[in-house]
Amino acid sequence: MLVSYSSSSEEDSEPGSEAPIRTSRPLDDEDEDNRELPTKKRARTEEVDHKKRLPLPGCLLTMFPDDDDDDAPTEDSSLHGGRIRSFKHERGNWATYVYLPYPPDEEFEEVLEELLSALRAQGLTLTRQEEFHLSVSQTVVLRHHWIQPFTQSLQAGLSHCRRFVCSGGTLKVYCNAERTRTFLGMEATVGHAQLLDLVRVVDKTMAEFRLDTFYTDPSFHVSLAWCVGDLTEKMKEILHDLQGLVDNRDEGPFLFMLACTEVRCRTGNKTFRFPLKP
């Protein structure tokens, strides 16, 4: 919400400027009323009217920015672990993606720590994800005034989709299109058909707003950790050993299990939830 003040009155001349030339005009009802007021009361009334035209203090204006973009990101990559944005931040543009949240369990955390330790032993330091999810869209740029119709379109399409379970335990290495970040992920091998159904629904909304749809042959996965730069080849060299940490456990091979009960859409600092049918 933007609170602003503007005056169309010619009486608000800047200090030091000449007073505007006034032309005579017929008295209206308000003029008649003012003429009948005592001199002191009329002066006080004019003083109040003048005060009404004073601009709001700057501290009040800054309380109500243009957009709900309170968490506008900075372009300083040093504040984001060296990450480089795929697109420049502009006020009113919101980074947006659609995903399935994955709440990690204790065994998942144990496997992840073992993987990160093994990577460090090979001279590769990766940063674990702050939260875990499985994406069903690319990250796109959404204008602020598109948020409501965009999420309404998602709601309409996803209201027909049913809950399901997906799982997997195969490690894969991914790199973003700009080759600025490399990821270690765990691919979902069960539930692929249902995930494609979700993508078709999300892609329909993306197409309505002329945004990029998902990949043609997607590898659905949960990203575990990342590092800056393109280290794809170096990580692939030790991928077999890393996979052994996942498969050769005392309890048997580890598989992440994701109960897909709701789809979420994050746009800027807002998160929308879309429950799937039981």
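pLDDT is the predictor's confidence in each residue, from 0 to 100. This tour needs that score because the structure is a predicted model: local features need pLDDT of at least 70, and side-chain atom pairs count only at pLDDT 80 or more, while totals for chains, interfaces and linings use all residues. Residues are numbered from 1 along each chain as its sequence is written, and side-chain values use heavy atoms, with hydrogens and water left out.

**Stop 1: confidence**

Colour the protein chain by pLDDT. The average is 80, and 68% of the residues score at least 70. Now select residues 45–52. Here pLDDT is below 50, and the model gives this stretch 2 contacts (heavy atoms within 4.5 Å) beyond near neighbours in sequence. Move on to residues 56–80. pLDDT stays under 50 there too, with 40 contacts beyond four places in sequence. Where pLDDT is low, the predicted coordinates should not be read in detail.

**Stop 2: aromatic rings**

The structure holds 9 aromatic pairs. Rings of Phe, Tyr and Trp (its six-membered ring) pair if their centres lie within 6.5 Å; planes under 30 degrees apart count as stacked, over 60 as edge-to-face and the rest as tilted.

Select Tyr102 and Phe256. Their pair is edge-to-face, with 5.7 Å centre to centre and 70° between the planes. Tyr102 lies in the loop between β1 (93–101) and α4 (106–121), and Phe256 in strand β9 (residues 256–260), so the pair ties together parts 154 residues apart in sequence. Helices (H or I, at least four residues) and strands (E, at least two) are DSSP runs, numbered from the N terminus. Tyr102 and Phe256 are both buried. Buried means under 20% relative accessible area, exposed over 50%, partly exposed in between (1.4 Å probe, protein chains only).

Next, select Phe108 and Phe254. Their ring centres are 6.2 Å apart and their planes at 50°, so this pair is tilted. Phe108 sits in helix α4 and Phe254 in the loop between α8 (239–247) and β9, 146 residues apart. Both are buried.

**Stop 3: arginines**

Show Arg181 and Trp226. Arg181 lies over the face of Trp226, 4.9 Å from the ring centre. The cut-offs for a charge over a ring are NZ of Lys or CZ of Arg within 6 Å of the ring centre and within 35 degrees of the ring normal.

Which loop holds Arg179? The one between β6 (170–175) and β7 (181–187). Arg179 is not a glycine, yet has a positive phi of about 60°. Arg179 is partly exposed, at 44% relative accessibility.

Finish at Arg210, in the loop between α6 (192–208) and β8 (221–228). Its phi is also positive, near 55°. At 80% relative accessibility, Arg210 is exposed.
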